[in-house]
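Visitor: I have a sequence and a model on the screen, and I would like to go through them step by step. Please take my questions in turn.

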Amino acid sequence: MTTEKKTVPNRVLIVGAGGFARATASLARSDLAFGTAWDVKGFLDNRTGLHNPSDLPIVGDPLTYQVQEGDIFVCALGGPAAKRQYSANLRKQGANFIILRPDLTTGERVQLSPGGLFERKVSLGPDVQVGELVTILSTTIVGYDVTIGDYCQIASFVFIGGGARIGNDVVIHPHATILPGITIGDGAIVGAGSVVIRDVAPGTTVMGNPAKPFSFR
């Protein structure tokens with residue numbers, strides 16, 4: 001009597017091969033779909049001399065990699081500019097960026113876009129909308145009716161109050177609090193521990209409690 005070998009139809013490639021990418025590989029391997037719907041193939045990274053202690057190989061450069069049948073992708077890069085740059089070639093080829101969400105808690109009618117990466121113990125309230133290639137790190141809480149634009153990076157222990165509007169390419173550092181109804185403009189940066197009590201203009205960095213514009217000069 002012979003048993004058929006189970007085949008895994010899809011192979012996950014993680015864009016990036018640094019520490020965060022290795023943590024993402026571990027997260028991907030903990031997902032219920034691992035080994036049944038897909039497996040982890042390796043990393044895409046073009047940095048020379050990169051120390052990569054993972055058992056997974058670096059299989060190519062995201063800027064030149066040719067998408068193959070069965071490839072699916074997760075972007076494990078921090079900054080919005082890097083996400084845009086190193087996903088552009090893959091997206092141009094119609095690459096399938098999956099939503100990695102093994103421990104995500106959501107309310108009703110939440111809308112998630114391709115490429116979302118949600119670490120453990122992230123909570124999204126009802127009617128939240130999340131854009132493409134957004135990363136939200138562990139233990140962050142997002143209230144009801146919040147919209148988050150594309151390519152955002154939201155760190156751990158962040159609170160975003162109900163009705164807030166987060167633009168594209170926004171970076172929010174750990175332990176920041178965004179009060180309900182606040183708008184954060186495209187490309188803005190919110191510093192660690194900041195309490196944002198008024199709208200933030202596009203491209204502005206704010207820090208402090210209450211958060212105020214800050215310039216690195």
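Visitor: How many bridges join β2 to strand β3?
Guide: This is a predicted model, and the pairing is read from it. Strand β3 covers residues 58-60 and runs parallel to β2. In β3, I58 is the bridge partner of F43. The number of bridges joining β2 to β3 is 2.

Visitor: Which residue of β2 stands opposite I14?
Guide: β2 also pairs with β1, in the parallel sense, over 6 bridges. In β2, the residue opposite I14 is F43.

Visitor: What is the handedness of the crossover from β1 to β2?
Guide: The chain leaves β1, passes through α1 and then reaches β2. This makes a β-α-β crossover, and its hand is right-handed.

Visitor: Is β2 largely enclosed or largely open?
Guide: A residue counts as buried when its relative accessible area is under 20%. In β2, 5 of the 7 residues are buried, so the rest of the structure leaves this strand largely enclosed.

Visitor: How far apart are the end C-alpha atoms of helix α1, and what span should the helix have?
Guide: Helix α1 has 12 residues, 19-30. At 1.5 Å a residue these should span 16 Å, which agrees with the distance between the end C-alpha atoms, 17 Å.

Visitor: Which strands do the buried residues of α1 pack against?
Guide: The buried residues in α1 are A21, T24, A25, L27 and A28. Seen down the helix axis, they fall within an arc of 165°, so they line one face of α1. The strands that these buried residues pack against are β1 (10-15), β2 (38-44), β4 (71-75) and β7 (117-118).

Visitor: How many residues does the largest nonpolar core have, and how many has the other core that lies apart from it?
Guide: In the largest core, L124, I148, I160, I172, I178, I184 and V196 have the most contacts inside it, and the core has 29 residues. Apart from it lies another core, with A17, A21, I72 and L117 among its residues, and its count is 18.

Visitor: Is G163 buried or partly exposed?
Guide: G163 is in the loop between β14 (159-160) and β15 (165-166). Beyond its neighbours within four places in sequence, G163 is in contact with Y144, D145, V146 and G181. The limit for buried is under 20%. G163 has 22% relative accessibility, so G163 counts as partly exposed.

Visitor: How far apart in space are G163 and T48?
Guide: In sequence, G163 and T48 are 115 residues apart. From C-alpha to C-alpha, the distance in space is 44 Å.

Definitions and conventions
Residues are numbered from 1 along each chain as its sequence is written. This is a predicted model: local features need pLDDT of at least 70, side-chain atom pairs count only at pLDDT 80 or more; totals for chains, interfaces and linings use all residues. Side-chain values use heavy atoms; hydrogens and water are left out. Helices (H or I, at least four residues) and strands (E, at least two) are DSSP runs, numbered from the N terminus. The expected span of a helix is 1.5 Å times one less than its number of residues. Buried means under 20% relative accessible area, exposed over 50%, partly exposed in between (1.4 Å probe, protein chains only). The arc is that of the directions from the helix axis to the C-beta atoms. Contact means heavy atoms within 4.5 Å. A nonpolar core is a set of buried Ala, Val, Leu, Ile, Met, Phe, Trp, Tyr and Cys residues joined through side-chain atoms within 4.5 Å. Two strands pair if DSSP finds at least two bridges between them. A crossover is right-handed if, with the strands pointing away from the viewer, the path from the first strand over the helix to the second runs clockwise.
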